[in-house]
Amino acid sequence: MKFDRVRLANFKPYGDADLRLTEGVTVIHGLNGSGKSSLLEACFFALYGSKAIDGTLDDVITNGEEETEVELWFTHDGVAYHVERRLKSYDGRIDHQCTLESTDGSDVTRDGARAVREFVTELLRMDAEAFVNCAYVRQGEVNKLINATPRERQDTIDDLLQLGKLEEYRERAGDARLGVEDVLENRRGRLDQLDEQIAAKEDRDLHARLNELESELGEVTDEIDRYETQREQAKETRDAAAETLSIHAEKRETLESVEAEIDEIEASIREAERERDDHRDAIRETRERIDEIEAEIDERLDDAGLDAATEEAVADRRAALDDREDGIREDLDDERVSAEAFRNQATNLAGKADDRVERAAEIESEADALADEAEAAAAEADERESSIEDLREEADGLRERFAAADVDRDDVADERDALRDERGELRERIAELSAEVKNARERVEEAEELLAAGKCPECGQPVEDSPHATGIEADRERVAELESELEDAREREGDLDDRITELDELASAADRLDEIDGRVETLETRVEERREEAARKRTDAEAKRERAAELRAEAEETREVAEEKREEAEAAAERVEELEASLSELDAAREAVTAVEERLSAVADAEDEIERRREKRENLEEVNDERRDRLADKRERRDELADAVDEAAVEKAKKRKEDAEQYLERVADELDALDERREELQNAIGGVKGELRELEGLREEREALGERVSALGTLHEETSELESMYGDLRAELRQRNVTELERTLNETFELVYGNDAYSHIELDGEYVLTVYQKDGEPLDPEQLSGGERALFNLSLRCAIYRLLSEGIEGAAPTPPLILDEPTVFLDSGHVSRLVRLVEEMRGFGVRQIVIVSHDDELVGAADELVTVEKDPRSNRSTVRREDAADLDVASLADD
């Protein structure tokens, strides 16, 4: 596998970065904190997503941004891929979009963070943790494998070499074996249960029981048929008697109906006679009411102005009253309109007079306000002229200050900015020196502690037995030099702070002078404007007072006209009252005419009622004559029906019907009992047949279950054998891996420490590591010095990487070898050995090695160099790719 290109947008310190990577050794170089490791983390994140980061997805988005984007192009086993991840933060959530696709036409696509991570894990045959344990040595984790327990080391290496899958398969086979055992035990128990059930049913002799029940069922069925035949005969007897009774009942019902009709006709005749008497009485009462009404009409003739109570006279009188009313109402409307018009005119004119008085008062108030504003404008102009004098005195003092300073007013800002830039660079240098002093002091303290304990500062062995030279004077001198340089830098920083403070004050003074000049010019303009405003407002105030006087005179004239209109309205109101009185007199005469007219109508209605009642009496007499004829016919029919009814035949039919119904009740009870017995027998027969079917089913189930138990026994043996096979295969492969790993580890360590103090390394089957010195003395890896432990761990990592790359039975594609700050625990001598290790890994065929470091020797060993820089003002990092052959290593070290 090879990384081809990585592009970042708002990832950690990077705003926008695009870097192409090639085969060989690439060293990423830059100051501490510039963002070198973030480039490697971006590649790791592109492959494995959230599993590749220690914190949350929020942590990878650049501060102050809402989105981040990471793209990685890589080649694996001859196929080119492109993976893209986008994060967007909103409403306290992170939206994670991820896609992967092949770019060489092989038609591989994955969509979604989980799908991409699973594809990469399957493609590389390692998850994120395995990737870190094999190919990616992260900063501060160089001693991770050597500090791990043998069990942790065993699990890590087994997972890398895919032996964890065999253990997973063995566990699955074990789970399957246990599952088969559970099912087999359950099936055997069921087999015993079936044997017991079959034996119990066979002991009950179900076939004999079935024959006995079927025989009894035949007898009950014959008895039921006999009773049902007798029941049908009884029903026929009952129905014949019922028919006889029905015929006699119909004749009796007809007789009763005729008698009821006779009673009804007689009642109707009596009711009609009573109604004729009522009409006769009503006619007499109506004639009396007509006489009373005619007397009332005579009393109202004078009030109505009528000579006679006729319809023609009433109509003529009403027409005359209507004509009189129309004339009066026309005059009344005219007078009302005139009165309302005069009142409105008077009210409007009075309102206009009041409006003019109010307007005059408002104008006088506006005039007073304008006069006050004119005085205020004049006072403000005087106040601002005083402020102008104060500002000019302040400006003279500031100009005298610049005359005594060593810098011109226009050059203050430029000199201050230049000194601030110098101070920023100096503070970065102080931070670097502080870190170097701290590291150098720690190395000296560690060496002094080892010397005090009688051990070599480099390898940690007793001084008398150590194969290395001792001495830390060079480190102490380096500490002194760094402390001296740091002190000088801090003194220079203090001088710069004082000068920048002085320039800040002068810059403030220059800004104040500019502000005063602008303020004086503005105030002078405002003074002139206020003087002009005061004169203008005094003129406007005098004009408004003249207008107010004119309005008051107009208001007085308008009030006089309003009073005249009010007097005319009162005269018109008196005429309206006279006309309304005339209308009241007309209403009284019309009411009397209406009363006469209503009584004439009542007389006519009464005479009509008398005529209607006479006609009704005659009609009722005719109807009664018809009813008497029909009554005679009904009485004759009644006599005929009474002769046709035979009471003896009715009694005999009743007796036969009663006997038949009693027999049917008895036979119904008997048949119900027989039906219940037949149903019981049928149910019993069904139960026996069901048990026979169950017996047959149990026998069939027992036969099938016996075959299933036999098959499960065979399956149990097979799963036990499979579980043992996976365990044996894992142990065999682990031993082969241990042998190969020990070989590659010794080859790698020999290349690094050849002809030195150590002989070889031993790795046993439990992954316990032992280092042997030249004299054969064994050492625990933890007894090595800090640099030796780091280099030993790198050798172990490289050996594992070689084993994965070469394979036990053939080469396999592996990811790039990534080393993040591998020289943290190494002195200059061990750095040279690390350079040798890197070169040898290239010789073993590792296509791509990516190293993050600022060590000169590693930079010199690079095929390509990537420089990372951070802008201190924006806190954003940038990358620059260079050819290592064209670089001056000494100049990079100075940087």
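Five bridges join β9 to strand β10 (residues 769-773), and the two run antiparallel; strands here are DSSP runs of E with at least two residues, helices are runs of H or I with at least four, and both are numbered from the N terminus. This is a predicted model, where local features need pLDDT of at least 70 and side-chain atom pairs count only at pLDDT 80 or more, while totals for chains, interfaces and linings use all residues. Residues are numbered from 1 along each chain as its sequence is written, and side-chain values use heavy atoms, with hydrogens and water left out.

- β9 and β10 belong to an open sheet of three strands, ordered β9-β10-β11 with antiparallel pairing; two strands pair if DSSP finds at least two bridges between them.
- At the edges sit β9 (758-763) and β11 (778-779), each of which pairs on one side only.

**Salt bridges**

- The count comes to 57 salt bridges, taking one to be a side-chain nitrogen of Lys or Arg within 4 Å of a carboxyl oxygen of Asp or Glu.
- Arg5 and Asp18 meet through their side chains at 2.6 Å, N to O. Arg5 lies in strand β1 (residues 2-11) and Asp18 in strand β2 (residues 14-20), so this pair ties together parts that are 13 residues apart in sequence.
- Arg5 counts as buried at 19% relative accessibility, whereas Asp18 is partly exposed at 41%. Buried means under 20% relative accessible area, exposed means over 50%, and partly exposed is in between (1.4 Å probe, protein chains only).
- Glu415 pairs with Arg499, their closest N and O atoms being 3.0 Å apart.
- Glu864 and Arg881 come to 2.5 Å between their closest N and O atoms. Glu864 is in strand β14 (residues 864-871) and Arg881 in strand β15 (residues 876-883), so the link spans parts that are 17 residues apart in sequence.
- Here Glu864 is buried, at 13% relative accessible area, while Arg881 is partly exposed at 41%.
- Salt bridges that share partners also join Glu373, Glu380, Arg384, Arg530, Glu533 and Lys537 into one network.

**Negative patch**

- Glu285, Glu288, Asp291, Glu292, Glu294, Asp298, Glu299, Asp605, Glu607 and Asp608 form a negative surface patch. Patch residues have over 30% relative accessible area and no salt bridge, with like charges joined within 9 Å (nonpolar side chains, Val, Leu, Ile, Met, Phe, Trp and Tyr, within 5 Å).
- The elements giving two or more residues to the patch are α7 (206-304) and α10 (473-644), and α7 gives the most, with seven residues.
- Asp605 has its place in helix α10 and is partly exposed, with a relative accessible area of 46%.

**A contact across the sequence**

- Leu391 sits in helix α8 (residues 311-404) and is buried, with a relative accessible area of 13%.
- Leu391 and Asp517 are 126 residues apart in sequence, yet 8.5 Å apart in space, C-alpha to C-alpha.

Definitions and conventions
Accessible areas come from the Shrake-Rupley method with a 1.4 Å probe; for residues, only the protein chains shown count as cover. Lys and Arg count as positive and Asp and Glu as negative; His and the chain ends are not counted. The place of a charge is taken as NZ of Lys, CZ of Arg, CG of Asp or CD of Glu.
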